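Good morning, colleagues. I would ask you to look at the sequence and the structure together while I speak.

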Amino acid sequence: MELNHILLFTAVATSLLLLLQALQPQDAGTRARAGIVLITAALAWLLARPIAGWLSALVWCGLLVVPFFLRNRARLKQYPRYRMSRIILSPVVRWIIIVNVAVFILELLAGGSTNPVTLHRLGELDTNSVVYRHQYWRLLAALFFHYGPIHIFFNLFALVLLGPALERQIGSVLFAICYLVSGIGSNIAVVLLTKLRLLEPVQLVGASGCVMGVVGTWAGFLLGHRHAPLARQRLRNIVV
């Protein structure tokens, strides 16, 4: 999925949740700003589709994200005991970051992280290669390659935010299994959809499927323990 589409989806999904008050009651001003983001996203998709995600993300950040952080900053100053502790990396998350960064450096040395030839040679998910040449190793290898610095930054940023806490809750082994199975499963789904001719043949890289698996596992865990302290707040943070 292109970054433009990811940004558009993020802006639309979070704005809809706020507008519908799916997570917690929102004030009228927040709902109004969420509505403006949705209208902007719709107009951008109709009038400027190639950059619709970027335009939506700018409005989303200005109207929702920045005010959210400003409110929390003021709250932390007023109530210092609620100050968030620094993030401490868990073992598996730390190794995932190390491997991804090392592989990204390899991409740069081998010809560039946005070079299609380099990515294909190293192990991107080329659905034709998997279907017709039976190069099934690409289902795993593609999880550790990224298309440019922005791609790897967003994936690792999400992993750092969500991964350590989940790993401490379910254990390192289960977390590693969740991470890898989610990524491989998403790649298998892409291959199957391509084979069924529901998708055009594509070339993909990245750990987005792994990260989405972490998000889904965290959400499921929190929903199952929704009465635990801070469960609702953590679930809200996952969505936002």
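This is a predicted model: local features need pLDDT of at least 70, side-chain atom pairs count only at pLDDT 80 or more; totals for chains, interfaces and linings use all residues.

The protein chain contains 11 helices and two strands. Read from the N terminus, the order of the elements is α-α-α-α-α-β-α-α-α-α-β-α-α. The protein chain has 240 residues, and 37% of them count as buried. Its accessible surface amounts to about 14,400 Å², and carbon and sulfur atoms supply 70% of that area. As for contacts with a separation of 6 or more, 68% of them in the protein chain join residues 24 or more positions apart.

I turn now to the helix packing. Two packed helices are described by the angle between their axes and the distance between the axes.

The opening pair is α4 and α8. Helix α4 covers residues 91–110 and helix α8 covers residues 149–170; their axes come within 9 Å and cross at roughly 170 degrees. Angles over 145 degrees count as roughly antiparallel, and α4 is therefore roughly antiparallel to α8. Which residues of α4 and α8 meet here? On the α4 side they are Pro-91, Val-92, Val-93, Ile-96, Ile-97, Asn-100, Val-101 and Phe-104. On the α8 side they are Pro-149, Ile-152, Leu-156, Leu-159, Val-160, Gly-163, Pro-164 and Glu-167. Sorted by class, this contact of α4 with α8 comprises 13 nonpolar, two polar and one charged residues.

Helix α8 also packs against α10. For α8 and α10 the angle is about 35 degrees, and the axes are 9 Å apart. The crossing of α8 past α10 is left-handed. From α8, the contact draws on His-151, Asn-155, Ala-158, Leu-162, Gly-163, Ala-165, Leu-166, Gln-169 and Ile-170. From α10, it draws on Ser-208, Val-211, Val-214, Val-215, Thr-217, Trp-218 and Phe-221. In the contact of α8 with α10, 10 residues are nonpolar, six are polar and none is charged. Please note Gly-163 of α8, which is listed in the contact with α4 and also in the contact with α10.

The remaining pair is α9 and α10. Helix α9, residues 172–195, and helix α10, residues 208–224, have axes 7 Å apart and pack at an angle of about 125 degrees. These two helices are therefore oblique to each other. Here the crossing of α9 past α10 is right-handed. Helix α9 brings Phe-175, Cys-178, Tyr-179, Ser-182, Gly-183 and Ser-186 to the contact, while α10 brings Gly-209, Cys-210, Gly-213, Val-214 and Thr-217. By class, the contact of α9 with α10 holds five nonpolar residues, six polar residues and no charged ones.

Is Thr-118 buried or exposed? Its relative accessibility is 2%, so Thr-118 counts as buried. Setting aside residues up to four places away in sequence, Thr-118 touches Glu-107, Ala-110, Gly-111 and Gly-112. Leu-108, in helix α4, is partly exposed, with a relative accessible area of 47%. Leu-108 and Thr-118 are 10 residues apart along the chain, and 9.1 Å separates their C-alpha atoms.

In helix α6 we find Val-130, which is buried at a relative accessible area of 3%. Where neighbours within four places in sequence are left aside, Val-130 is in contact with Leu-125, Gln-135, Tyr-136, Arg-138 and Val-191. Val-191 is 61 residues from Val-130 in sequence, yet the two are 7.5 Å apart in space, C-alpha to C-alpha.

Finally, I draw your attention to the backbone at two loop positions. His-134, in the loop between α6 (127–133) and α7 (138–141), has a positive phi of about 55 degrees although it is not a glycine. Arg-197 is also not a glycine, and its phi is positive at about 65 degrees. Where does Arg-197 lie? Arg-197 is in the loop between α9 and β2 (203–204). With 77% relative accessibility, Arg-197 counts as exposed.

Thank you for your attention.

Terms used: Residues are numbered from 1 along each chain as its sequence is written. Side-chain values use heavy atoms; hydrogens and water are left out. Helices (H or I, at least four residues) and strands (E, at least two) are DSSP runs, numbered from the N terminus. Buried means under 20% relative accessible area, exposed over 50%, partly exposed in between (1.4 Å probe, protein chains only). Contact means heavy atoms within 4.5 Å. Accessible areas come from the Shrake-Rupley method with a 1.4 Å probe; for residues, only the protein chains shown count as cover. Axes are lines fitted to C-alpha atoms, for helices over the stretch in contact, and angles run from 0 to 180 degrees between N-to-C directions. Angles under 35 degrees count as roughly parallel, over 145 as roughly antiparallel, 65 to 115 as roughly perpendicular and the rest as oblique. A crossing is left-handed if the near helix is turned anticlockwise from the far one by less than a right angle, and right-handed if clockwise. Ala, Val, Leu, Ile, Met, Phe, Trp, Tyr, Cys and Pro count as nonpolar, Asp, Glu, Lys and Arg as charged, and the others, Gly among them, as polar.
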